[in-house]
Amino acid sequence: MNRTEREAAARRIMERTPPPVPPDLYGEVVRRGSRMLRRSHRIRRLLWLLLCAAVVAFTVWAVTAHPWVEPPSTTTPPVIDW
Amino acid sequence: MRDRQASQGARRAREFEAFVAGAAGRLLHAATLLTAEAPDANPRARRLLTLALAHTYACWDRLRGEDPYDRARQYLALRFANSAWHQYGGPLSRGRPHPKSALAVLTPQERLIVVLRLYEGVAEEQTAALLGLPTDRVHAICDRATATLLHPPRKPGPRVMGAKVAPS
């Protein structure tokens, strides 16, 4: 018995009794699938909202705190009378 | 705009229904072989199939010409592989192979590879890439499993793991 025959015999064993497909399969699949879709949409929307909120918060903080302005020095005393 | 969306949704539903009608029988057979349940009492195989098809439904619009059957089969195989060790034959196995199943003499990994290679006809390289195994190993496992299948051992004892553990 060579390899091809063995594989064909194994295939025949596997194809013997096909199980019956449950009649309510389609409805169940669509229900679960649309739930997965809705959930992923909701998560994506939430993440976008979070990103927008972070951008707004950063802008407001930057405008009020001016982090790019050099802070006045605290180590060197101001030079007067030179 | 709304009209176009509605008609697109209807077309999508029609296409998906046709896909399910065509693919469900074969995928359910493959799933039942994987879980080694009896053909007429296969709750785990049905669950696997439902999850795989629901996943395909969820990414139906993002397929871009890819074969949905291939996608569903990949999901089914990977889900089985990831849950196999604790559900279908690991040390804490919940379910034993049903004696009426065609592949009851094989271990879960052998079942997975035999079903993908022989029943579904996936190429050796693709199977290896899907499961993250070397091609030689897939070849060897497939050969060994075919031999076990054609000449099953006398006693149902010598399954490598999980056969003698009491069901929990």
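Me: What makes up chain B in terms of helices and strands?
Reply: Chain B holds 6 helices and 0 strands. The model is a predicted one. Along the sequence, the pattern of chain B reads α-α-α-α-α-α.

Me: Why are helix 1 of chain B and helix 4 of chain B called roughly antiparallel?
Reply: The two helices pack at an angle of about 150°, and their axes are 8 Å apart. Angles over 145 degrees count as roughly antiparallel. Therefore helix 1 of chain B is roughly antiparallel to helix 4 of chain B. Their crossing is right-handed.

Me: Which residues make the contact between helix 1 of chain B and helix 4 of chain B?
Reply: Helix 1 of chain B contributes Ala30(B), Leu33(B) and Leu34(B), while helix 4 of chain B contributes Arg111(B), Leu112(B), Val115(B) and Tyr119(B).

Me: How many residues of this contact of helix 1 of chain B with helix 4 of chain B are nonpolar, polar or charged?
Reply: The contact has 6 nonpolar residues, no polar ones and 1 charged. Arg counts as charged, whereas Ala, Leu, Val and Tyr count as nonpolar.

Me: How many residues of chain B are in contact with chain A?
Reply: In chain B, 24 residues are in contact with 23 residues of chain A. Helix 1 (2–35), helix 2 (43–58), helix 4 (108–119) and helix 6 (135–150) of chain B each supply at least two residues of this side. The largest share, 8 residues, comes from helix 1 of chain B. The side of chain B that touches chain A has 15 nonpolar, 6 polar and 3 charged residues.

Me: What percentage of the 168 residues in chain B is buried?
Reply: Buried residues account for 35% of the 168 residues in chain B.

How values were computed
Residues are numbered from 1 along each chain as its sequence is written. Chains are lettered from A and ligands numbered from 1 in the order in which they are written. This is a predicted model: local features need pLDDT of at least 70, side-chain atom pairs count only at pLDDT 80 or more; totals for chains, interfaces and linings use all residues. Helices (H or I, at least four residues) and strands (E, at least two) are DSSP runs, numbered from the N terminus. A residue is buried if 20 or more other C-beta atoms lie within 10 Å of its own, exposed if 12 or fewer, and partly exposed in between; C-beta atoms are placed from the backbone. Two residues are in contact if their C-beta atoms, placed from the backbone, lie within 7 Å. Axes are lines fitted to C-alpha atoms, for helices over the stretch in contact, and angles run from 0 to 180 degrees between N-to-C directions. Angles under 35 degrees count as roughly parallel, over 145 as roughly antiparallel, 65 to 115 as roughly perpendicular and the rest as oblique. A crossing is left-handed if the near helix is turned anticlockwise from the far one by less than a right angle, and right-handed if clockwise.
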